[in-house]
Amino acid sequence: MTASDRRVALPAELEQVEGPWLETSRWRADRGLDQGQCPPRRWRAEEAIETGDC
């Protein structure tokens, strides 16, 4: 990935930001792993998007 491929997420893309976290959590649960089973902290993702950190 190059700098031109990356950009700051928009508020409307919150579900896309959370998606990989949820997918990984389901993958781990399907294999009997309990690591990473806490739900994503939506408020933190919202803050990161608002401040341009995500």
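A: One term before we start: helices here are DSSP runs of H or I with at least four residues, numbered from the N terminus. By that rule, Q35 sits in the loop between α1 and α2. Also keep in mind that this is a predicted model.

Q: Okay, how many helices and strands does the protein chain have?
A: The count for the protein chain is 2 helices and 0 strands.

Q: And how much of the chain is buried?
A: Of the 54 residues in the protein chain, 15% are buried.

Q: Now the helix pair. At what angle do α1 and α2 pack?
A: Helix α1 covers residues 14-30 and helix α2 covers residues 42-51, and they pack at about 130° with their axes 10 Å apart. That angle makes α1 oblique to α2, because anything over 145 degrees would be needed to count as roughly antiparallel, and 65 to 115 is the roughly perpendicular range.

Q: Is the crossing left-handed or right-handed?
A: The α1 and α2 crossing is right-handed.

Q: Which residues meet there?
A: From α1 you have L14, E15, V17 and E18, and from α2 they meet R42, A45, E46 and I49. By class, that contact of α1 with α2 has 4 nonpolar and 4 charged residues, and no polar ones.

Q: E18 is on that list. Is E18 buried or exposed?
A: E18, which lies in helix α1, is buried, with a relative accessible area of 7%. The cut-off for buried is under 20%, so E18 qualifies.

Q: What does the E18 side chain make a polar contact with?
A: With the side chain of R42, at 2.7 Å.

Q: Which residues does E18 touch, leaving out those up to four places away in sequence?
A: E18 touches P40 and R42 on that count.

Q: Where does R41 lie?
A: R41 is in the loop between α1 and α2. The relative accessible area of R41 is 44%, which makes R41 partly exposed. R41 and E18 are 23 residues apart in sequence, and their C-alpha atoms are 8.9 Å apart in space.

Q: How far is Q35 from S25?
A: Their C-alpha atoms are separated by 8.0 Å, and Q35 and S25 are 10 residues apart along the chain.

Q: Last one, E47. Which element is E47 in?
A: E47 is in helix α2. E47 counts as partly exposed, at 44% relative accessibility.

Q: And how far apart are E47 and P11?
A: They are 36 residues apart along the chain, with 9.6 Å between the C-alpha atoms of E47 and P11.

Definitions and conventions: Residues are numbered from 1 along each chain as its sequence is written. This is a predicted model: local features need pLDDT of at least 70, side-chain atom pairs count only at pLDDT 80 or more; totals for chains, interfaces and linings use all residues. Side-chain values use heavy atoms; hydrogens and water are left out. Axes are lines fitted to C-alpha atoms, for helices over the stretch in contact, and angles run from 0 to 180 degrees between N-to-C directions. Angles under 35 degrees count as roughly parallel, over 145 as roughly antiparallel, 65 to 115 as roughly perpendicular and the rest as oblique. A crossing is left-handed if the near helix is turned anticlockwise from the far one by less than a right angle, and right-handed if clockwise. Contact means heavy atoms within 4.5 Å. Ala, Val, Leu, Ile, Met, Phe, Trp, Tyr, Cys and Pro count as nonpolar, Asp, Glu, Lys and Arg as charged, and the others, Gly among them, as polar. Buried means under 20% relative accessible area, exposed over 50%, partly exposed in between (1.4 Å probe, protein chains only). A polar contact is a pair of N or O atoms within 3.5 Å; within protein, one must be able to donate a hydrogen and the other to accept it, and residues adjacent in sequence count only if both atoms are side-chain atoms.
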